Amino acid sequence: IANLDVYPNPSRDIFNVSFTSEEAQDITIKVINVLGEEIIRDDRQQFEGNYNKTIDLTNYIKGIYLLQLKTNSKIENIKLILQ
């Protein structure tokens, strides 16, 4: 995974996630709340290329969430701050 960007962060409602997968791989993107509950999930099988997604947390309470990006070889966690 290259060029991983999550913006704006902090945000009031909308987060944009973008990255490039340089090889075909299974990718899972999740947003997890502070209780460990998965609130958003996006699974991509054998994904390769540019990924761009808008995550709308308008209907969720303000606080800290975790964006988890899981590939075949690693897991990356990014803190999302919803104001």
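In which sense do strand β1 and strand β2 pair, and over how many bridges?

Reply: This is a predicted model, in which local features need pLDDT of at least 70 and side-chain atom pairs count only at pLDDT 80 or more, while totals for chains, interfaces and linings use all residues. Residues are numbered from 1 along each chain as its sequence is written, and side-chain values use heavy atoms, with hydrogens and water left out.

Strand β1 covers residues 2-7 and strand β2 covers residues 14-32; their pairing is antiparallel, over four bridges. Two strands count as paired if DSSP finds at least two bridges between them. Strands (E, at least two residues) are DSSP runs, numbered from the N terminus. Ala2 has Thr20 in β2 as its bridge partner. Together β1 and β2 make a hairpin, with six residues between them.

The loop between β1 and β2 holds Pro8, and the peptide bond leading from Tyr7 to Pro8 is cis, with omega near -20°. Pro10 is also found in that loop; the bond joining Asn9 and Pro10 is cis, with omega about 10°. In general, most peptide bonds are trans, and most residues other than glycine have a negative phi.

Within strand β1 lies Asn3, whose phi is positive, near 55°, although Asn3 is not glycine. Asn3 counts as exposed because its relative accessibility is 64%, where exposed means over 50% relative accessible area (1.4 Å probe, protein chains only).

Technical notes
Buried means under 20% relative accessible area, exposed over 50%, partly exposed in between (1.4 Å probe, protein chains only).
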